[in-house]
Amino acid sequence: QVQLVESGGGLVQAGGSLRLSCAASGRAFSSYVMAWFRQAPGKEREFVVGISSSGIDTRYVDSVKGRFTISRDNAKNTVYLQMNSLKPEDTALYLCAAGSSLYPSVMNYWGKGTQVTVSS
């Protein structure tokens, strides 16, 4: 069992940056694939970015490539999402997830999310 708590969301102007964190508690954090998803009002949940258990392999949705960077610190049981050059279309609830596969994305545990709002 893994519990996930996201933080770092907020209101930012277009072009700005935010850094999201996801703190995990429970066993064997370093064995899990970690990912960030997002869900905007009226839209389906969307995969944004994932990272392998070792941190070597990453996967990004095309719309955030070059702007977002995922990283993890297995010693701190934490995964991060650095978001730069934010756009209004990045506005969503960002959810952290832990799972068993990056390709395809298979997630077993979810946080409650942190809201990101980008103003134009």
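Ser101 lies in strand E9 of this predicted model; helices (H or I, at least four residues) and strands (E, at least two) are DSSP runs, numbered from the N terminus. Residues are numbered from 1 along each chain as its sequence is written, and side-chain values use heavy atoms, with hydrogens and water left out. In this predicted model, local features need pLDDT of at least 70 and side-chain atom pairs count only at pLDDT 80 or more, while totals for chains, interfaces and linings use all residues.

**Ser101 and its surroundings**

- Ser101 counts as buried because its relative accessibility is 16%; buried means under 20% relative accessible area, exposed over 50%, and partly exposed in between (1.4 Å probe, protein chains only).
- The Ser101 side chain reaches two backbone oxygens: that of Pro104 at 2.6 Å and that of Tyr103 at 3.3 Å.
- These are polar contacts, that is, pairs of N or O atoms within 3.5 Å; within protein, one must be able to donate a hydrogen and the other to accept it, and residues adjacent in sequence count only if both atoms are side-chain atoms.
- Beyond its neighbours within four places in sequence, Ser101 is in contact (heavy atoms within 4.5 Å) with Val33, Val106 and Met107.
- Ser52 is 49 residues from Ser101 in sequence, and their C-alpha atoms are 7.9 Å apart in space.

**Strand E4 and its partners**

- Strand E4 is largely enclosed by the rest of the structure, because six of its seven residues are buried.
- E4 pairs with E9 in the antiparallel sense over seven bridges; two strands pair if DSSP finds at least two bridges between them.
- In this pairing, Met34 stands opposite Ala98 in E9.
- E4 also runs antiparallel to E5, and five bridges join them.
- Here Arg38 stands opposite Glu46 in E5.
- The hairpin of E4 and E5 has six residues between the strands, and Gly42 takes a positive phi near 80 degrees there.

**Nonpolar cores**

- A nonpolar core is a set of buried Ala, Val, Leu, Ile, Met, Phe, Trp, Tyr and Cys residues joined through side-chain atoms within 4.5 Å.
- The largest one holds 30 residues, of which Leu4, Met34, Trp36, Phe68, Leu81, Met83 and Tyr94 touch the most other members.
- The strands that give two or more residues to this core include E1 (2–7), E4 (33–39), E9 (92–101) and E11 (114–119).
- A second, separate core has seven residues, among them Val33, Ala35, Phe47 and Ala97.
- Not counting residues up to four places away in sequence, Tyr94 touches residues including Glu6, Leu20, Trp36, Arg38, Phe68, Met83 and Val116.

**The whole chain**

- The protein chain has eleven strands and zero helices.
- The C-alpha atoms fill a box of roughly 40 × 25 × 25 Å along the principal axes.
- Of the 120 residues in the protein chain, 44% are buried.
- Among contacts with a separation of 6 or more, 55% come from residues 24 or more positions apart.
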